[in-house]
Amino acid sequence: MKKVLLLVIAGIFLTGCNSVAVYQDPKTVSYSLEGEYDNTEDAQEVVQVIQDNLHYAQEEDMEGYLSTLISSAREETEEELFPFFESYDLEHTVLSVEILDQEENRMLVKTEQQAVMVDSVDGAEQYRDHIAEANHTVIKENEEWKIEETIMTDTLFLD
């Protein structure tokens with residue numbers, strides 16, 4: 001089964017990268033919707049689903065987080081994400097959004113996202129703050145946009 005956003009992020013702290021990025025204060029970040037899209041309303045709805053997903057992750061709201069995913073991904077995601085929520089408190093920020101492809105019931109969206117650890121439990125493995133490119137596949141399920149898959153690439157660490 002496909003992994004989704006934070007499941008991939010959970011593995012990122014174990015990888016290495018040569019470049020170093022600069023922390024961006026979430027209070028000062030602004031971006032505009034970029035890319036190729038015909039239906040602005042659908043594009044905005046999809047971006048809202050991605051933002052909601054990250055907000056729920058930041059708040060460690062499992063029910064809310066799972067509500068942004070396709071139904072077939074929820075059980076496995078909950079099992080894998082629960083220990084991560086228990087170990088880390090993260091701040092998530094969307095830095096940029098580009099629609100790569102838009103179809104009636106499917107959209108490919110590339111975001112640049114920042115994840116910064118705010119707190120962790122004693123004994124948790126070191127989490128590496130980072131900015132990464134996230135490639136989201138979002139589909140309509142029961143007439144609502146849901147995240148089907150997220151693949152993280154081009155990770156730049158903030159340390």
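At 1% relative accessibility, Ile-99 counts as buried (under 20% relative accessible area, with exposed over 50% and partly exposed in between, for a 1.4 Å probe and protein chains only). The model is predicted, so local features need pLDDT of at least 70 and side-chain atom pairs count only at pLDDT 80 or more, while totals for chains, interfaces and linings use all residues. Residues are numbered from 1 along each chain as its sequence is written, and side-chain values use heavy atoms, with hydrogens and water left out.

Ile-99 is found in strand β2 (residues 88–102); strands (E, at least two residues) and helices (H or I, at least four) are DSSP runs numbered from the N terminus. Beyond residues up to four places away in sequence, Ile-99 touches several residues, including Leu-33, Tyr-37, Ala-43 and Val-109, where contact means heavy atoms within 4.5 Å.

Four aromatic pairs are found in the whole structure. Rings of Phe, Tyr and Trp (its six-membered ring) pair if their centres lie within 6.5 Å; planes under 30 degrees apart count as stacked, over 60 as edge-to-face and the rest as tilted. The rings of Tyr-65 and Phe-85 are edge-to-face, because their centres are 6.2 Å apart and their planes stand at 80°. Tyr-65 lies in helix α3 (residues 62–67) and Phe-85 in helix α4 (residues 74–87), so this pair ties together parts 20 residues apart in sequence. Both Tyr-65 and Phe-85 are buried. The pair of Phe-84 and Tyr-88 is tilted, because the ring centres are 4.9 Å apart and the planes at 40°.
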